[in-house]
Amino acid sequence: MAEVKPDHPAVSQGQAVLPDRSTWWGRLQQRLPILQRKRGVALVIGLMILPLFGLLGLLALRNRDGGGNDAAAGTASGPEVITDDTYFYGQSEPVYPSPVMTGVGTWADAYNKAVNFVRQLTIEEKVSLASGLSSSTGSSGTLNGCSGNIDAIPRMNFSGFCLNDAGQGVRATDFVSGFPSGLHVAASWNKDLARSRAESMGLEFRVKGVNIHLGPVVGPLGRVVRGGRNWEGFSPDPYLTGSLVSETVTGIQSQGVITSTKHYIGNEQETNRQPTGDVEAVSSNIDDKTMHELYLWPFQDAVKAGTANIMCSYNRVNNSYACANSKTQNGILKTELGFQGAITSDWGAMHAGVASAMAGMDMVMPNSDLWGDRLVEAVRNGSVPEDRLTDMATRIMAGYYQMGQDEGFPEPGIGMPADLTKPHDIVDARNISSQQILLDGAIEGHVLLKNVNNALPLRRPRMLSVFGYSAKSPDQWNYKSNGGVAAWTFGGESSYLGRDTSAGFSGHYYEDFSDIAPNGTLICGGGSGAVTPASISSPFDALNARALDDRTAVFWDFFTPDPDVASGSDACLVIVNAFASEGYDRPGLRDDYTDGLIRHVADRCNNTIVIFHNAGVRLVDQWIDHPNVTALMFAHLPGESSGRALVSLLYGESNPSGKLPFTVARNESDYEHFAGPDLPEGQFVRFPQSNFSVEGVYIDYRHFDARNITPQYEFGFGLSYTTFNYSNLQVTKNDTNTDQYPTGAVHEGGQVDLWDVVATVSADIRNVGEVKGAEVAQLYIGIPNAPAKQLRGFEKPFLNTTQSATATFLLTRRDLSVWDVVAQRWLLQPGDYGVFVGASSRDLPLQGTLTI
């Protein structure tokens, strides 16, 4: 059967390619605009090579009489542009056939039910389970407001599936909550809170009739510092991300809702994420060791936690599209990790019908001409064995039974009307029990980075001045019924009404994107991961309410870049943001407008407190050492309770306990080549290449440690209003098999003895300050022949003043192993392992040794 690729949006004619501001050439182009034109570049090159011609002339005169050496004739030229995909064949190992589901472990009962159900289906009905019916990721759908739908099979009493976004709550509908983002959860470093958030969020998806929750996100992990979707995931550290995704999967699925953990795998940049014109999607070229020790790690945790669905990504992996990559789907996910669920495509990520089916993909979204009737034809003519189709249907239905959706689950999409402007039954998914979780989650994801002169907490200030565009509510918060990438639906209300997000979704990766969202506060980023809560608390709303109670005089200016500043202000709050969205990568890690505003206020106010709603790393080097900048807080993306949470922290009702889930550099150049996305260039101008193996596992703090670079704020750093002391490190090797390789059977998550506890580490933490609060105790391990230290444990005890607690960390075989590319197994090496415990990746007062 012939396979064709669907048409893709082309880059608009005459569209300028913006200079990359992270390189010397990009900065030169900004200063000299003529260099952004081909004629200007040619002029500079001509001037540069004129002296070379003179030297060549002198050399020719010297060699007129044959005194020079013979040389080959001709001129050197670069490699030819690759125009055919066959150039890359074999770079991704083929693994066939696709493994059939076995029902191992806890899946046995669901598997048996699914087998019994599927054996009664026709080929057409099996295909209908695997092929999306119709849907829209825009403002309104055709059947309902779900992002995707699987058709019902009435004769089997099966009512179909509603699939819907995303990681911060139910998107694009009414009467739902706005939970903190994945990044915000990571900044809390609180596993219990991650579980509670997931349970509450899962309940709302269930009430709305959503069978499959399109999340959580662990890809992108965060390799590209300016990545547009990093805020949807947790952290560039695989252990932190893996721990939190495990809690999230368990919590959501406890409500009977299937999680579709995404985006599998290597989906680390938005630029060229999809084919556009004659340029294919970027290829994430990942070596075997880096794949296992970094990018696969959190997916492995999600599989072990029981995720019933995995979403394959837009990008290519080792030059094979992720949804047609047999190595990653058949070989790693379904064989090595023992994944029992189904693999679903990202929206429009399937580019080959038969190839994707044979490579292990099980469900296409939102729909595709390559499946449906054509998949029926492929099965009937033998291009796809019926056994493969049967396994696809079995895996899909096993998730349905594993979650108990055959008993009492609401009708698919019952709370997801296709058009909110038309009369519809109200299905209020919010639960009163979630209110405290929403507030606690928002509070704990704030990270206090600077606090001098007792600037915080505030103590009933007599006069307060508030500046900055992220303080107020968005100028607009309103549903738009004409479909498309609408602002409210896709998190763009604060960012030029979704202008940039819409451009990114159209495949325009090189527009003049904004660094900020200037039209109001940020509670989430842009794109399909956005959330549309029924109400929000903005910082200024909450501050003004507190000021009324305290009889504090308040001045404010949300619009002016150089506002007047009242000289009598006890404190000046500058509340700003750093925006990011699906569809494009961030243009930079700072912006002149915001930095100028902060400096302007600080020059006029001796107690300037800066608050950032940041969808990722934000550099602060332009003003952090200003003597009048007394405090800095990263507020991340807190969800609907943003303002209430911030005021609780600013006034000391809550004690900051968040820690950075990433590293903040002093300069963008400190991140080196992975600060920004890889672009089409040279011979690969039509097949963009992103070579992860250049840095391997050395991203974020591992990179800074390896290069001996001092960051502005290290991974794991965060201040409190109190002080904690660490003591009494204990390292105990357990009586567990420590042979070099695991020998156990493969269940969900891999070989079962990978999870054997090999050692136990404990340490005492005491609150020696004057305020009660929580502390994140962090364990790092120095594994032989690996990065100097890697996070391998964290606990967050809450301690009253003078109170102490013991933090205990369990180290599994996998925690202490490295991936052996020859044996294709996890290797536990004999030798000494460094053990480090403390308050951040660079504040580790307790050090010991574990000997294997």
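Modeller: Let's start with handedness: a crossing counts as left-handed if the near helix is turned anticlockwise from the far one by less than a right angle, and as right-handed if clockwise. By that rule, α6 makes a left-handed crossing as it passes α14. Before going on, this is a predicted model, where local features need pLDDT of at least 70, side-chain atom pairs count only at pLDDT 80 or more, and totals for chains, interfaces and linings use all residues. Residues are numbered from 1 along each chain as its sequence is written, and side-chain values use heavy atoms, with hydrogens and water left out.

Helices here are DSSP runs (H or I, at least four residues), numbered from the N terminus. Helix α6 covers residues 191-207 and helix α14 residues 435-444; they pack at about 140°, with axes 10 Å apart. Those axes are lines fitted to C-alpha atoms over the stretch in contact, and angles run from 0 to 180 degrees between N-to-C directions. So α6 is oblique to α14; under 35 degrees would be roughly parallel, over 145 roughly antiparallel, 65 to 115 roughly perpendicular, and oblique is the rest.

As for who touches whom, α6 brings L193, S196, R197 and S200, and α14 answers with I437, D440, G441 and E444; contact means heavy atoms within 4.5 Å. By type, the residues of this α6–α14 contact split into two nonpolar, three polar and three charged. Here Ala, Val, Leu, Ile, Met, Phe, Trp, Tyr, Cys and Pro are nonpolar, Asp, Glu, Lys and Arg charged, and the others, Gly among them, polar.

Technical notes
Helices (H or I, at least four residues) and strands (E, at least two) are DSSP runs, numbered from the N terminus.
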